[in-house]
Each structure stands twice: as structure tokens, then as C-alpha cells.
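Please look through the sequence and the structure shown here before reading the report.

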Amino acid sequence: MIASILSLGAIGFLAALTLGFAARKFAVEVDPRELAILELLPGANCGACGYPGCSGYAKMVVNGDKIAATCPPGGSAVMDKIANIMGLAPITAEPKVAVVMCQGDNLKAKDKYKYLGLTDCRAAQKVADGPKQCPGGCLGLGTCERVCPFGAIEMTPDNLAVISRKKCTGCGKCVASCPRAVIRMAPLDATTHVLCNSHDKGALVRKYCEVGCIACQICKKQVPGAYEIENLLATVVYENHQDAPAAVEKCPTRCIRDFMVSYPDGSSFAEATVPLKKEDRAA
Amino acid sequence: MSGIYLSSSPHVHSGETTDKVMRAVIYSLLPACAVAIYFFGLPALLILILCTGGCVATEAVCNRLFKSKLSIADGSAALTGILLALNMPPNSPWWLSVLGAVIAIVIGKQVYGGLGYNPFNPALVARVVLLVSFPVHMTSWTTPAPLGSGIDAVTTATPLGEWKTAVMLTGKLPENISAGMGDYFIGNMAGSLGEVSALALLLGAAYLFWKKIISWHVPMTFVLTVVVFGGIFWLVDSSRYPNPLFHLLTGGLVLGAFYMATDMVTSPVTTRGMIIFGFGCGVVTVLIRLFGGYPEGVSFAILLMNAATPLIDRYTRPRVFGTAVEGKS
Amino acid sequence: MAMTKLKTFPGGLHPADNKQWTASRSIEFVPLPDELIIPLSQHIGAPAEVCVEVGALVKKGEIIGKAKGFVSVPVHASTSGEVVAVEPRLHPSGRPLLSVVIKPDGEDDWIDPLPQGDPDKLSADELKDRLRDAGIVGMGGATFPAHVKLSPPEEKPIDTLIINGVECEPYLTADHRLMLEEPERILQGVAILRKILTVDNIYIGIEVNKPDAIALMTEKCAGTDVKVVPLEVKYPQGAEKQLILAITGREVPSGGLPMEVGVVVQNVGTTAAVADAVINGYPLIERVCTVTGSGISEQKNLRIRVGTPLQHLVDFCGGLNGDPAKLIMGGPMMGMTQLSLDVPATRGTSGLLIFGEDDIPLVEQGPCIRCARCVKTCPAHLLPTTIAAYARLEMIDEAEEYCAMDCIECGCCSYSCPSFIPLVQSLRHAKAAILEKRRKI
């Protein structure tokens, strides 16, 4: 027994010596600032900054001659702290969130055929330009929901994608994944949007969707600075977003929605009724 | 045109479905179940019911808990239950079967994501966990007491167990080792519910080959390797090592080779890979049987090779049409 | 006949044949519809450039769209009449594409004069020009311009010509009937192709489920050096690479074309059209097409004009039988589902299948159980289940490493999958992602 204790002890001691030596000899020099910045970053490795993961971004910040990109999920809270570490002036990054510009779920928008195959919007889009009659409407197969690293997107029971303003960090992955470009970025504070992505004539839109924009221009007449009609589709002018809610009730097809009041039908998100300060948003 | 379906090609299907495959394997196991009930009576029936029912119920509960679609209709849980039951000793207590069922489904299958995602054979995972945790219960064998014969079940050792004890004590084969080859074939020997009757199992395997559910690559390579490898040792010292026929007919080799090693989810998809898999199972089985601590090595051998399956798949990719080297463009 | 083993290729499968509906029905002429919709994009390569205006009066065979570039062919009017529209119309690809709409005047007058010719007096280049001007494309369904296929570069000498009479897709019998009813035309085409390519070996591959065609073609080829090769019935024997392997034993290298192994393959329908184009000066304005399936009242083989709306074909076949679930242009393994019967038939329309709900698998997708049926049947020897898993996980580099680009999209994998996983769709997704990645680099 003594022999085994001694021999195992000796092996353990030798192993410890070797490891200690290796830890010192082969140590990699890391700038402590890089480690500090990596601690601050959200750690989602979403790639929104354009760099390979959060460690890639931290490396860029420390080694580059200027901060070449901001971290949207980190937001201004994180960017300010990073600027502080690097001894730079605070960086103001205007928080943006992604919005699905469509309310055409199964109940409201018609299909042109029944789709069979991979439950993926990009795959479905390749089959005769997608199962929805509306060329720009949400296909509801959940590609954006799967791609979101923050779990901010849900599919309603009637197959419409809805994004939570609270959980969305503005990383933009959903925008890139949508084959119909129906998701667009908008300022966080802008709570009113024209939820339609179809440039078809009003009469045609009425045929395939109950809640599509028919470009009747009533919203623009109601609040001239806050709405603009281009190519038969109305959009909110986000510089004047605070005036936009006034036209919501006037829209004849109900395609304009104020998320401060409610999310699209079927959505489980409900926190829009409480005004959100930047600090209250989930990191 | 309303009601029109559009999809990517192809637009026809063979008609083969997962539940048809599972059902075919369940049917192929019916002879073995019948023999088990014949030789071991009502306790065998109870074990079958508890294991099968336990597995199906556990899977239903897991589906509910993980908020996934109810998957018991595909028949894979029931199949796992039957295979587990066939691996249990005949007079094992009821709670051992239930525990085994829960372990098989939860640890063997559901934690990985359900059907198709598990790396290890669920029934074997459960059997090995039970064997290691409850060694006495899992190695208490009884003699077969055919229904209506009036014989009482008596505790005894399996032929492989007898051999191991004899070799450890005397270094030589036990005396009556080859006396019961005929009995071993039809199932009149001690062992788990399913492993006793090579005849019943081979009948079922023939059905599976006919229905093209399994191919020869895994089971025949496994069996051949055991026979040849075991045979080499027998040729070297036939007073100490059993002959290849003994290896074939006793223990869980036939059950393991034709029903457990052939589990599609946990074995390689390439034909060369399947042969390597079968060969590996055979070698490890013989090594454990002859030199390991346990008398039977089939379960461990299969689980070890299950672990190697992704690696085997990676290195046995077929040569792609039009390429000179395997798998390269 | 000696009982020698039939030539074939590794992999593949045996779907239900379903050719008995139309195998013995002679080809029938379909009368002209009220409106012909002729898309300018009916072939691989650049779409033709329209060169007629609304109101123009055209003759049968007149060029209405000029070829653009080398890999392109002109498009012709399928009958004489008036151009009533030049606008986007629903196309077999599923989206509206520019088409010339012609209202037939009932006279069906050819252009005058037709560019007739004597193959013996024309040179190889002149023959190819005639084929190009006639708009000859591969009529097996791929619609690749024939004159391009017949112009391999000098460093790739061709020694073998294979005529594809296999028609491995279930349900389709158009090529079968063509071989039975017009073998002379096919052989005239073979002679012209022989002159263009100057080959040593000529084979006609036919599956043994068409014994009458094999017998007739063998009889017609007696005394010539054209060899009829009976092939084992297996899908996809008609795929170019598999056909070349079966008949010559040569394997086309990955990413390459048949010319790499000295072979050119042409469909029997294309070959017959070649004869018409050179000898009679007829451009490619009509073809044989099988209309079949449980969803149509009378199953027939039809001679149709390019641009005929599918509805017209359905009407000619007694109308629909019940509510259709799928309208398939082509065969059931590789055909394209259509949105409506307003879509026109084009130069590549070898078949129209009308399926009811009972004919199509409507089972929900399950998880992969690694049964390896897809691996066993894949004629390209790929691992479809692994590539599909990589595609789902967006691991495009790995999908490329597992040779997704070698997939011929035959459909054997999806057909065999017990979990109804859309493997072909996943592989197509992987291929598109790989091409996009290559474009970015």
C-alpha cells in the first residue's frame, strides 16, 4: 500500500510540474483589454457585427486602429463601456429592431397552392415563387424563427412570424434569412408600422389578402409627414414616427398597427403596452 | 386551381414507412416471444407486458414533457420494449422490467432527441445499466420449465456461465459442454427470455431478410467473426476453449447479431462500414467471453461499436460516381 | 436469344412501371387550340429575343424569337396566325415569363420556302447550323441545345454516339411509341448525327420492358453498324451518365460532361426532329407527349404543337377524372408540378400526369432512422441522408465535401425514404447554397 501511495503521488507531482511548466512556457499573450471586452459582449456569436463571433469582434476592437463596427445586440450600454475601456468617446448606436412587415396569416391571406416539402421558407419560395398569392407576404414556415439566436421570433398558430420588440437585439440574421425580404429593420422607438410588403395594385391585393395595403393614401392625407407611398405601398417615415399612430384607426384595411397597443393577431407577445426604456430590454 | 399541391420532385413513393419497418421487426420477434412463454411460463409473459407497456408509456410521457408530437404510433418504443424484455432473465422482479423500460426510453433515446438521434441501442443501454447496477438479479437464471410439463423452475447457470466458472476453477471445459447442442438450438437452456432459442430467432431473421428490412452485412459478419475467431482459440487449445458451434448457439449471439446490432439508427449506413461494424462486434464479443470478467460480451461489444459508428461512417464513404478517390470531387 | 445478363448500372430502383395505360395506344394528332402560348425560354441557355410585335401575321415555322449567343436557339411559331400578345404568361417553371401568344388562322401554312436539304451534300458545320436554326433541343426533358452538344472542342474527340430510347420514367410512353411508329425517321436522324460527329460506334439503348421496340429497331438496323442494346429495367437507366456506364463501361468524371469519355447521347425524339429539320426544313414546333394518370379520363399518346395549353390536351383526353391533386409536367420521378392547366406545353414536355390525392404521398415527414435505403439506391453513390442533414444545419462546406454537386436529382432517395424526408429538395437546397458560396468567393 505504501508503494502505491508513493508511486501515485510521484506521478501526480510530476504531472503537476509538467503542466505548470507548460502553462508558463507556452502561454499566449493576451491583451487584458480583449478579455475585458469579451466579458462585456453578449456571447451569442450572432455575427451581426460582421466579425467571426464575439472573440473576433473583441480582437478587432483591440487590434484595429478604430472600432470598425458596433455590436447591435450589446446595444449602447455595451458600446459605451467598450469605448470607456479603449479610452475613446462614447459611441451612440441607435437601437434598431426587426419587424415582419406583414399580417397575412392563413386566415387572412390566400394561398395559390398547397405546399408539400421542407418546412423552410427559402425552399418553399423556390417552388413557383412560394405558396402565398401575395408575392411579398410572410410564408410562415419558420425559417426566421429558427435562425434567431435570441429566441425573439414566434410563429403564431396561423403561421405568421412576429418579432418581440423586447427580445430583438437588432442583429439582422432574420432579415438575411427571409427569401421575400418581408422583415425590415426599424428604430426601436418607432412602434407604428405599415405591415404590408406587397407592391400590387389595390384591387389585386384585396383579392388575396384582407389586411394588405391598397395604397389608398388615406394615411398620408391624415398625417402628411409620417407616411410616404412608393410603388403602391405605404411606409412610415421613421424620422416622424411619433406622429404616425394618428393614422392607425383611419386605415381601411387595418394594415397599419401600433405595437404599443397590440401585436398582430395570434401573437403571444404582450409587453408592448408598457413603454420600454433602453435599459429595460433583455440583453 | 384550388386544392392543387406543388412540391419538389419526386411525386411517387415506395410506400415503405417507418411504422411498417418497426412492425415487421416486431412480427419477426413473435416466434422468440412464443418460445420464451413456452419455456418460462407466465413470468415471461409478465416481463414482456411490463417492458413493452413501460416503454410505450414512458415515451408518451416524454413526448408530453418535451412538448413534442406523440410518437408512439411509429412502433419504435414498443419494439424497444420487446427487445428489452427478451434481454431480461426469466424470473426477474417486476420492478426491474419497469425500471429497464424507463431507462431505455429516457436515457437510451429521448435525451438525444427521440427516434433517429440516439447513438446507442436503447434496449442494450437499459440492459447494461441494469446488469451493472443489479448484478445478482440480472444474472439469476432458471432452467426452462416447458408449459404443461410439470417441471419446476430451478436456479442454474447459463452454458456460457458454466464454462467461465469451469475454466476459472479448473482451466478446462466443463464435462457436459457439448451434450446439449440440440437443446441449445431449440431453446431448452438457461438464458434470458430471447437468447435461448436460436431456432425461433433465425426464423424471425429469415422473415426480416425476406422483407428486406435487414441486409446480411452486419449479422453475417458478426456471426462469422465470432465463429472464426472463437474457432481459432478452440483449435489452439480445445480442452480449454469451447468450439464455434457452442459460441453460436449459446449466449446472446443470435439475438444480438440479428436484432440488436442490426438496429438501423445505431449502425453504419455504408456497406463497408456495416462489415467493419460486424467484425468489430465479433472480435470484442469473443474477447470478453474468453478473457473478460463477464461470461457474455455481446451487449458490451455492440454498445462499443455503436460508439464507433460515426467514425466508421466517416471513413467508409463510398466512391462517388465519376471520382477516382473515395468521396472526393 | 442467349440468356446473358443484361447491362445495367449500380444502384437505382424499380418503381411501379404504370406504362400499361398508354404503351399500346398509337400517337394521335391534337387539333390546334384557340390560342398558342409560346414562351421565349424553353431551353437551357439564354432565352430567345422576341422579334415580332403584336398584330404581326406569322406563318408556321416563322422565327418569333432570335437565338441569343451560342448556347441558345431560336423560337418559332407553331402555326400560322396572328400575334395577339407579347407579354409574361404563366410558364412551366411556375412564374410568368415573356411569351408570344398566337391566335391560329386555321390555315396552318408553312413559311415558304422551307430550308430543305440533302444530308449527303451538306457539311458537318452546315448541318449544325440547320439544327440550330430549327431550334433543336434535347427532347428527353433537359432541352439542351443540340448544336452545342454536337460541337465538342477538338481536344475531346468523340468515338461513340448513344441514342437514348430508354424512357425510364414510369408512366411515360412517348419515346416508346415514336420508336414503334417512326423508326425510319429516327434512323435518318442517326445518319445525320453520324455525319456530324464522325463516330466509330453507334448504340441505341432500350429497356427490355419495350420488347416490341427492341425487335423493330433491331430489324431496321440490320445490315448497318447501329447496335441496339437491350438494358435491364431500372430507374434511372435513362440518365445520361448511367446510360453511358451501362453501354460502354465508361464513367463520366465528376463535374464533367459525356464528351470527357468520348460519348455524345441524344434522345430518340431529338434524333427524329434532327431528321425533320435537315431533310424537310421543319423547325421544332411539335413533339410527342404522353397524357396519363388516374386523374384524366382517357390516357393517350399525343402529337402536340409547342405552345398548346395543357387544358387543351386535357379536353382532348376526355377531361379530368375527379379533382386533380397534382399536375405534373414530365415523369413522376423528376417532373415539375404545375400551378394550373393554363401553362403551355413546351419543347421539353414529354408527359402530363394528372394525379389524384390517392396517388400522392401525403404523410408528414419524420426523423431519419438511418435505414440507409437512400444510400443503397443512389446511382451517384452519395450519402443523401448525411448531405441533407448538413443542409438542414447550414453546414454548406461539409455538404460540398460530401459531393452534393454530384447529385443528379433523380429522386431515388426521396422515393425510398420511410420517413418521407424531402431528400431531393434538401440536396437542391445544398447545391444552391454551394453555388452561391462559390459565387461570393
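## Basis of the description

This is a predicted model, in which local features need pLDDT of at least 70 and side-chain atom pairs count only at pLDDT 80 or more, while totals for chains, interfaces and linings use all residues. Residues are numbered from 1 along each chain as its sequence is written, and chains are lettered from A and ligands numbered from 1 in the order in which they are written.

## Chain A

Chain A holds nine helices and nine strands, where helices (H or I, at least four residues) and strands (E, at least two) are DSSP runs numbered from the N terminus. The C-alpha trace of chain A spans about 90 × 50 × 35 Å along its principal axes.

Of the 283 residues of chain A, 39% count as buried, a residue being buried if 20 or more other C-beta atoms, placed from the backbone, lie within 10 Å of its own.

## Where chain C meets chain A

Eight residues of chain A are in contact with seven residues of chain C, contact meaning that the C-beta atoms of two residues, placed from the backbone, lie within 7 Å.

## Domains of chain C

An automatic or database domain assignment divides chain C into domain 1 (27-113 + 283-359), domain 2 (124-280) and domain 3 (373-440). The centres of domain 2 of chain C and domain 3 of chain C, taken over C-alpha atoms, are separated by 29 Å, and seven residues of domain 2 of chain C are in contact with six residues of domain 3 of chain C.

Notes. Buried ≥ 20, exposed ≤ 12 C-beta atoms within 10 Å, placed from the backbone.
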